[in-house]
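Here's a quick briefing to get you started.

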Amino acid sequence: MKVRTLLRVSSKQQLHGDDIPIQRAEAAQYIAQHSDWVFDKEYIEKAVSAYKNNPKEREVLQKILTDAQNHEFDILLTYMSDRIGRQEEYSFYVAALNQLGIEVWTIRDGQLKTREHVDKLLNYIRFWQNEGESKKTGMRVRDTQKELVRSGKFVGGRAPYGYRLIPSGMVSNHGRLLKKLEIVEEKAQVVRQIYHLAVYQGMGYEKIAKELNKQNIPAIETVQWKSGTIRSILTNPVYMGYLALNRRINGSSRGGVVRQDRKEWIYSREQLPELVIVSQQIWEKAQEIREARKNNAGNIPFNTSGRLVLTGLAVCGYCGKRLKNGSYCNHWTTKSGEKKMNYTGRYICPQKCEERSCYSQHYLEEIVFEVVENYLKPLKIMNITEELQIVQTRKRQNLEKKLNNIHKKQKAIMLDMLTLEEKIPEAIRGDYYFSAERLSFLIKEKEMEKKELDQKAGLIKNRLLQIDNQRSNVEKSVCITPNWGEEFRKADTPTKKMLLSSLIDKIEVKDNDINIKFKIRTEDFFT
């Protein structure tokens, strides 16, 4: 009887050098136990899920079905029924093979018959159980990923823009060398530029992409930057030093992915200083702007281009409608043929209120800018050296405590390794209750534990060094008090728009009466 085997693994991590040798060896041994069985051919599926795909979506299963229809073999052998499938409908696939005269065997479960009603029921239950096991496995994997992310471990995939993957020195349970993220400074500068354009220039995804393309900055695996790529960068918390999971979930009906609200995200418990490209304050501000625009909340400007700074903030004091752009340009040509243009900026009331409906840009903006400059003058950087030093001292004490605990564990492991090594001669002579192989295995386990502790100790030492450097930088910069009014006056139009949207709720404009409603009062927070 001609026997063909089906070998399958669901992920690349389960392959051994792009092969599936263990299943092949088990199948060969099983065939050898049957004198009338002759191996003919093998079907192999590498990194193919039998849970996410149905029989029609798997080319190998369709090839098996076609060969069965041509009567090319007599028996299909696989390791377990879950190698065939992990859904109830795979029981019908087995029945189809049986109807074509093909016997289906598994090394673990024996022959899968469908002749009797009870056989069909057992097969259905078997594949139903396989599906349940897949769901449980998925839940376990997901729970493991959540805990890894919470502890600050990278769980795999491509490195986000601005980082590269490097060996972490740790090995997974499958024997794979795990990797971690490292900042690529050249690309990190581009990330900072993207956040600057979003937060301080008020640019949206599309405009930022166009700006980067205009500057001929290399994009990610494409010829040009796209708005989707910019969105991904502006919403990824890794740039402020926090890994996150559950940002997207699989779509239900149409497939694809669905973006989750960031309240549903799972973050690492602590910030990872070695991954910080932008400050947490800048990242949060980018989210605030993005979400305000999405929900049409607040007065975050949707467009920061144009010459009028107060659009979106200035409202008519008579009807309450937002003032619109009523600017115009005069064009003319001189006797010498030179073309000239004169721009006149105006804010107009869309209701054309009788009291007053038109305001000169120069008149309105000069008044508002003067008020804002006076508003910003009292702002001073408070001397918070002492407060920061207290916070940093607490951080240092916590880190030193963790480091001391690690040192204690390292010493204990070294003593364990020394004890185990001393027992090896006795084990070789057979005078010890552990074999030499078992002792060697235990020593290797201890070496791995020590290596992991050494890595943790190194990270803590780096963080301690960063705290010392931060303290030095704070002491140097804390006395610098910029003139915020002057900084505002020198800022370009997009920056002014974004700053004003953060400071001002609205500006009510009437004839000879301008009322500016600030969101906060400087005297409440600054001295």
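What follows is a short tour of the sheet, its strands and a helix beside it.

This is a predicted model, where local features need pLDDT of at least 70, side-chain atom pairs count only at pLDDT 80 or more, and totals for chains, interfaces and linings use all residues. Residues are numbered from 1 along each chain as its sequence is written, and side-chain values use heavy atoms, with hydrogens and water left out.

**The sheet**
- Five strands form an open sheet in the order β2-β1-β3-β4-β5, with mixed pairing (strands are DSSP runs of E, at least two residues, numbered from the N terminus; two strands pair if DSSP finds at least two bridges between them).
- At the edges sit β2 and β5 (110-111), each pairing on one side only.

**Strand β1 and its neighbours**
- β1 covers residues 2-8, and six of its seven residues are buried (under 20% relative accessible area, 1.4 Å probe, protein chains only).
- With β2 (residues 38-45), β1 runs parallel, joined by seven bridges.
- Across that pairing, Leu7 stands opposite Ile44, and Thr5 is opposite Glu42.
- β1 also pairs with β3 (residues 75-78), again parallel, over four bridges; here Arg4 faces Leu76.

**The helix on the sheet**
- Helix α1 (residues 21-32) packs on the sheet, touching β1, β2, β3 and β4 (103-106) (helices are DSSP runs of H or I, at least four residues; contact means heavy atoms within 4.5 Å).
- The direction of α1 makes about 155° with that of β1 (axes are lines fitted to C-alpha atoms, for helices over the stretch in contact, and angles run from 0 to 180 degrees between N-to-C directions).

Technical notes. Buried means under 20% relative accessible area, exposed over 50%, partly exposed in between (1.4 Å probe, protein chains only).
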